[in-house]
Structures are given as C-alpha cells and as structure tokens.
Amino acid sequence: MKIFIDPGHGGSDPGAVGINGTRESDVVLKVGLKLKEILINNGFTVRMSRETDEYVSLTKRAELANKTAADLFISIHCNGFTNPDAKGSEVYSYPGNAQAEKLAGILLWHICNGIGTANRGTRKENFAVLRLSKMPAVLVETAFITNPDEEKMMCGGGFAEKAAYALAKGICEFCGVALSTAETEGENFEHWGSVHLENLLKKGYIKNPELWKDFDKSPTAAMVLALADKITGI
Ligand SMILES: [Zn+2]
C-alpha cells in the first residue's frame with residue numbers, strides 16, 4: 001500500500017494561526033512526518049507533498065499523489081474559525097466517493113479517540129485536493145488552532161505522536177492490517193520538558209522536582225527567580 005501524506009499549507013502560507021502564534025503549517029508538518037515514520041515502520045510505502053516548511057500549490061499536491069499512484073491520500077490540517085469556542089475534529093471527503101467516505105469515518109473515530117477531541121462528524125466538500133486526487137482522498141481537520149485550549153494541546157508534548165498514531169491506526173483499519181508498533185503509542189511519549197528537568201536535577205539546580213512536574217503550568221515568579229539566581233549565582 002502506498003500512502004500519500006499531505007501536510008496542509010507551508011512556506012508563505014502558514015494556514016490558520018492560533019492566538020498564541022502557533023501556525024497550522026508547523027503543527028501539521030510534525031504530524032505528517034511522524035505519521036510517515038509510523039507507516040514506514042509498518043511496511044507501508046509513503047510519499048509526502050512536503051517534508052519541510054515550503055509552499056506547494058493545491059493542484060501540485062494532487063498531481064504528486066496521482067503521479068506516484070498512491071492508494072490513499074491523507075491531507076492533514078488544523079481547523080480555524082472566528083469564534084474561539086469552536087472545537088473538535090472533522091474529516092472531509094469528496095461528495096459521491098464511498099471509499100473516501102468510509103475512510104473519513106474510520107479516521108475521525110480514531111483521531112477523536114486518540115487526541116481526545118469532540119466528534120463534529122464527517123463532511124463532504126468540493127476541496128481541490130479531494131477533487132483532483134484519483135485515489136480515495138480525505139482531509140482531516142485535527143482540531144481548532146483558533147480555540148485556545150486546542151491550540152495549547154497542539155503545542156503540548158506528544159500531540160504530533162498521538163495524532164499520528166491515531167491516523168496510522170485508522171489507515172491500518174481501513175486497509176485491514178494491524179498496526180504493529182501500537183505498544184509505543186503517543187500516550188507513553190515523554191513531555192519535552194522532562195529531559196530539562198532531569199538535567200537541572202542532575203546539576204543540582206532543582207531540589208524539589210514535584211514543583212516543576214506540571215510541565216504545561218506556569219511557575220510562580222518566585223520559582224523562576226530562585227532558579228535563575230541559583231544558575232547565575234556566584
Ligand atoms: Zn488548513
């Protein structure tokens with residue numbers, strides 16, 4: 001099976017941008033690259049529309065997928081809306097494509113389950129990448145980057161892994177194969193902050209690791225001052 005992964009946007013087109021400046025193009029590239037790794041480890045052949053922060057037109061994306069004769073086309077996006085309360089996941093397919101609609105349903109279930117988002121349902125839309133791709137094609141809106149909570153989730157440790165594993169599970173289910181690396185699921189990935197905490201503990205700058213273990217919480221000013229004082233202390 002050959003899977004074409006299409007991380008949306010890139011280069012001059014950042015896609016939707018969260019209130020804290022998180023760019024859709026960056027988030028979906030991370031998910032796409034992780035998905036590529038997992039699928040290759042599971043015996044799939046993978047092609048991508050982009051593997052760096054570069055601009056690729058919508059027609060070019062579909063052309064690349066058609067040229068490589070991919071079996072499935074998976075476009076990865078983050079949703080955006082003017083109302084910051086909008087949240088959850090949805091997956092699109094082209095009207096009238098039953099195989100793509102089936103794949104959309106499977107992927108949506110896995111993504112909601114994998115990253116813990118609300119299920120907004122599958123939808124049909126005349127998106128260029130879906131219309132121009134010859135194989136079953138879906139567009140996954142992982143979550144809303146314009147929702148502050150979901151933006152925070154996207155920036156948190158393990159998001160790309162969780163989303164990628166969810167998509168890989170769905171692709172495997174659609175193809176009727178088992179995901180062989182399920183034991184290393186996203187939930188077990190360490191937060192990126194843990195390595196820094198460990199280093200500072202080793203160096204003796206931090207004595208009470210419990211105070212710092214809630215990696216996505218802000219420390220108090222006193223905690224930051226005390227740490228900076230220790231590190232810069234004479
Ligand atoms: Zn997008």
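Reader: Hi! Which residues of helix H5 are buried?

Author: In H5, which spans residues 148-155, Glu150, Glu151, Met153 and Met154 are buried. Buried here needs 20 or more other C-beta atoms within 10 Å of a residue's own, exposed means 12 or fewer, and partly exposed lies in between, with C-beta atoms placed from the backbone. Helices (H or I, at least four residues) and strands (E, at least two) are DSSP runs, numbered from the N terminus.

Reader: Where do those four sit around the axis of H5?

Author: They are on the same side of H5, because they cover an arc of only 155 degrees around the axis. The arc is taken from the directions from the helix axis to the C-beta atoms.

Reader: And what do they pack against?

Author: The buried residues of H5 pack against H1, E3, H6 and strand E6 (137-144). Contact means that C-beta atoms, placed from the backbone, lie within 7 Å.

Reader: Good. What kind of model is this, and how are residues numbered?

Author: This is a predicted model: local features need pLDDT of at least 70 and side-chain atom pairs count only at pLDDT 80 or more, while totals for chains, interfaces and linings use all residues. Numbering runs from 1 along each chain as its sequence is written.

Reader: On to the core. Which residues touch the most other members of the largest nonpolar core?

Author: Ile74, Val138 and Leu167 do, in a core of 54 residues. Helix H6 (residues 159-175) gives the most to this core, with 11 residues. A nonpolar core is a set of buried Ala, Val, Leu, Ile, Met, Phe, Trp, Tyr and Cys residues joined through C-beta atoms within 7 Å.

Reader: What does valine 138 contact, beyond four places in sequence?

Author: Its contacts include Ile74, Val91, Tyr92, Leu103 and Leu107.

Reader: New topic: which residues other than glycine have a positive phi?

Author: Histidine 9, at about 60 degrees, is one of them, and alanine 69, near 50 degrees, is another. Most residues other than glycine have a negative phi.

Reader: Where are they, and is each buried or exposed?

Author: Histidine 9 is in the loop between E1 and H1, and with 23 other C-beta atoms within 10 Å, histidine 9 is buried. Alanine 69 is in the loop between helix H2 (58-67) and strand E3 (72-79). With 11 C-beta neighbours inside 10 Å, alanine 69 counts as exposed.

Reader: Last one: in which sense do E1 and E2 pair?

Author: Strand E1 (residues 2-7) and strand E2 (residues 45-48) pair in the parallel sense over 4 bridges, where pairing requires DSSP to find at least two bridges. Lysine 2 has threonine 45 in E2 as its bridge partner.

How values were computed: Two residues are in contact if their C-beta atoms, placed from the backbone, lie within 7 Å.
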